[in-house]
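Colleague: Could you walk me through one part of this model up close? I am new to this, so please take it slowly and tell me what sits beside what.

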Amino acid sequence: MNEILILLVIMFFMNYVNFYILSNLMFLMSFYFLVNFSWIKWINIVWGFGDNYYSSYLILMMIWVFGMIFLNLNELKKYCLILNLILFFLMLLNFVAMDLLMFYFMYESSLLLIFFMIMEWGYSEDRILAAFYLMFYTLLFSLPMLYLVFLILEKSGSMIFFFLEIKDFSFDNFNFIYLLMSFLVKIPMYLLHGWLLKAHVEASFFSSMILASVMLKLGSYGMLRLILIFNNKMVNLSFYLMIINLFGMLILSMLCLFQFDMKLIIAMSSIIHMGIMIMGMLSGFMTGLLGSLFMMISHGLVSSGLFYLVNTIYEQTNSRIIFLNKGLMNLMPSMSMMWFMMCVYNSGAPISLNMVSEIFLLMSLIGWYKYLFVFLFFYCLFSFMYSIYLFSFIQFGEIYNLNLNLVNSSLMNFLTLILHLLPLNMFIFKLFF
């Protein structure tokens, strides 16, 4: 819990703290967290908080990503930083909560802050529509979820995850599916993904980074909890969810090749990666669960980096349309390397963590049903195609407007991108099993 105490001290000295000092403190916190890591199944069980394998990795990624965001908030007002800190605190509590009601409360309050951030710092007038999409998609499932949380309390007599995992209590199928859907909206699963495309396109760069790297993982973590509690019910449902995700992934992969908004392509690829992650979780194999954990971390870093890259272009050209941003290799040559790294890592190339996660997920899914390899082959193919499509369309081609006066980005941009790429490449050297 020392990380939380450090955070409280930071918030106390808010007026005297510089953005750069704060981001360095966040990186220090992540290293501190790594050094103090214990591989006992449950650690830090105090104040009703505790963390396990999954949440420890996700907390680590979250601290790292927020550190990178604080590096880049210098032009914005102080209250933007305070909002980000509160959001970080709520998400941290979400990952360490051991109580279902506490989990629910943190889960929903982080949504309100993201809603406000999109409304306040979004790019165009469509941001209001995007924020309401986000709100209504999640509210449709989150308010009944509160009723279901109390129903679980009534049926099982406890809200602590420990007891819920051990205890066998009756819960009807309709309520279970509704409870599951409140997490599937947050991940989001195909068919429930409409809000994410809107929200990502309209959100500012730091909101997009938070959405892609941490918000989607809240849903995944909640779904993992649900799998542990309702294991017997999940077995019956997993087949249908697998089918929806499988076809959703293939449809969205093809749709990616028709998009001309850079942010929309990256948002769609997020949904595709989350789709295969859900499938890995539902397969029931240990490799599937490990693969989905690696997918969460690698996807969080890669998509966050891609949204940041789009922002570096958008700040100068005021456009995200790929037809207007052609031939950038001539205008921003040093950024081309970063674009290439991020795009191929998004498609799962070595030596990134994406490759490890995809190998694990493919192994578990082919183990679940061997003829899935036909569909998974096309998934891998399309994944590579849209990543290279995004890269080649922006970097090559005839420059649309020769009056564009683009500078080759500041050192801060390169630092942020290298901090995205470092964990991605370093993870592969020490994979804990």
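Modeller: Happy to! Let us begin with a word we will need: contact means heavy atoms within 4.5 Å. Please keep in mind that this is a predicted model.

With that in hand, look at Ser 220, which is found in helix 10, the helix of residues 205-229. Leaving aside residues up to four places away in sequence, Ser 220 touches Ile 187, Met 274, Met 277, Met 281 and Met 296. Is Ser 220 buried or exposed? Its relative accessible area is 0%, and buried means under 20%, so Ser 220 is buried.

For a contrast, turn to Leu 255 in helix 11 (residues 231-256). Leu 255 has a relative accessible area of 36%, so this residue is partly exposed. Now find Tyr 386: Leu 255 and Tyr 386 are 131 residues apart in sequence, yet their C-alpha atoms are 9.3 Å apart in space.

Finally, here is a pair of helices to look at. Helix 6 (residues 127-156) packs with helix 9 (residues 194-202) at an angle of about 145°, and their axes are 8 Å apart. The crossing of helix 6 past helix 9 is left-handed. On the helix 6 side, the contact is made by Arg 127, Leu 129, Ala 130, Tyr 133, Leu 134 and Tyr 137, while helix 9 brings Gly 194, Trp 195, Lys 198, Ala 199 and Glu 202. Sorted by class, this contact of helix 6 with helix 9 has 7 nonpolar, 1 polar and 3 charged residues.

Methods:
Residues are numbered from 1 along each chain as its sequence is written. This is a predicted model: local features need pLDDT of at least 70, side-chain atom pairs count only at pLDDT 80 or more; totals for chains, interfaces and linings use all residues. Side-chain values use heavy atoms; hydrogens and water are left out. Helices (H or I, at least four residues) and strands (E, at least two) are DSSP runs, numbered from the N terminus. Buried means under 20% relative accessible area, exposed over 50%, partly exposed in between (1.4 Å probe, protein chains only). Axes are lines fitted to C-alpha atoms, for helices over the stretch in contact, and angles run from 0 to 180 degrees between N-to-C directions. A crossing is left-handed if the near helix is turned anticlockwise from the far one by less than a right angle, and right-handed if clockwise. Ala, Val, Leu, Ile, Met, Phe, Trp, Tyr, Cys and Pro count as nonpolar, Asp, Glu, Lys and Arg as charged, and the others, Gly among them, as polar.
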